Amino acid sequence: MSVPARVPRRLAVLPFRGSDAVSEGLLTWTMLRGQTWIRLLPDVYVHRDGYRADDHRMWCEAVALRLPPGAVLAGRSAAWLFGADVLPRDAPVTVLLPTAARLRPHPRLRLVRSPLPERDRTLVGGLPVTTPLRTAFDLGRQGSLAEALVAVEALLRRRAVKLPALRAYAAARPGWPGAPLLREVLALAEPLSESPMETRLRLLDAGLGPLTAQHEVRAGGRFVARVDLAWPALRIEPPETPRASEARPQTPIAFHSSPDPAPSGTPWVSQGPYDTHGVPLVVSAACGWHAMGG
């Protein structure tokens, strides 16, 4: 009766190189062809209990085992590892290859070639990645304006990178591909933006000028609410000499995208109406705030 090889815990949890496991006598190629092991990439396997088809971390771990010298995880994969979730479902792992490096194409890989100085590399959880600054620089030069701005603001929101540092980094590289898009992104970037929806809403052109993020609504100096987006400059002048009981604040127009109902006793009216993006427009009646389209 054959005795199965003892499998170390690391082989039961993380991806590994099959050739390494075989050379160390932990497994055989016949065992790797069985149902216990899932082949992720050429020569890269994971135990079936550790396999999750949509686990981007697992795929990053697997790809890292195949990286040639000098290559790193980059783009949206690097941003995801820094805590900025800008990945579409089933997104491939982005790999940045130095000019001379080679890596076989694969459906789970997105290969990008670019100069990659040592100062643009770092480690996250043991995985080689582009630094947060380089990651934001790269994502701000790709895709549509909305996509690039959402990605950059996601990194700003996570405080992985600071806007002045990113602007200085970009200014030192004016001739890189996508630099005009990045300049537009940096002119619009708002570190206070709290969600991709807020970012996209700010790009809507209502002919009313730029939106302000996270604007505080106050009545008589008292904090009432914080709205996600507002045009504070659009005001209705108060009466010239109002009595204290009649005084009312000036009236900006605001978006508020909170999905939660207002607590009992607060000056918020009911949720709605909804804009064309399905965002509830909430109004602070006590302060004279009005929802656009409300």
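This is a predicted model: local features need pLDDT of at least 70, side-chain atom pairs count only at pLDDT 80 or more; totals for chains, interfaces and linings use all residues.
Colleague: How many helices and strands does the protein have?
Modeller: Ten helices and twelve strands. These are DSSP runs, numbered from the N terminus: H or I over at least four residues for helices, E over at least two for strands.

Colleague: Why is V129 called buried?
Modeller: Buried means under 20% relative accessible area, exposed over 50%, partly exposed in between, with a 1.4 Å probe and protein chains only. V129 has a relative accessible area of 0%, so V129 is buried. V129 sits in strand β8. Across the protein, buried residues make up 43% of the 294 residues.

Colleague: What does V129 touch beyond four places in sequence?
Modeller: V72, L73, A78, L81, F82, D120, R121, T122 and V124. Contact means heavy atoms within 4.5 Å.

Colleague: Why is D43 counted as buried?
Modeller: D43 has 15% relative accessibility, so D43 counts as buried. D43 is in the loop between β2 (37-41) and β3 (44-47).

Colleague: What is the phi of D43?
Modeller: Near 70°, a positive value in a residue other than glycine. Most residues other than glycine have a negative phi. D90 also has a positive phi, about 60°, and is not a glycine. D90 lies in the loop between α5 (75-81) and β5 (93-97).

Colleague: What makes a set of residues a nonpolar core?
Modeller: The members are buried Ala, Val, Leu, Ile, Met, Phe, Trp, Tyr and Cys residues, joined through side-chain atoms within 4.5 Å. The largest such core here has 47 residues. Those with the most contacts inside it are L40, V63, L73, V93, V95 and L155. Helix α7 (residues 145-157) gives the most to this core, seven residues. Apart from it lies another core of eight residues, among them L11, F16, L26 and L32.

Colleague: Which residues does L40 touch, leaving out those up to four places away in sequence?
Modeller: P15, Y45, V46, Y51, M58, W59, A62 and H106.

Colleague: Why is α6 described as largely enclosed?
Modeller: Seven of the eight residues of α6 are buried, so the rest of the structure largely encloses this helix. The buried ones are P132, R134, T135, A136, F137, D138 and L139. They pack against α5, β5, β8 (127-130), α7, α8 (163-171) and α9 (179-188).

Colleague: How do you know that α6 and α7 are roughly antiparallel?
Modeller: The axes are lines fitted to C-alpha atoms over the stretch in contact, and angles run from 0 to 180 degrees between N-to-C directions. Under 35 degrees counts as roughly parallel, over 145 as roughly antiparallel, 65 to 115 as roughly perpendicular, the rest as oblique. The axes of α6 (residues 132-139) and α7 come within 8 Å and cross at roughly 165°. The two helices are therefore roughly antiparallel.

Colleague: Which residues make this contact?
Modeller: P132, T135, A136 and L139 of α6, with A148, A151, V152 and L155 of α7.

Technical notes:
Residues are numbered from 1 along each chain as its sequence is written. Side-chain values use heavy atoms; hydrogens and water are left out.
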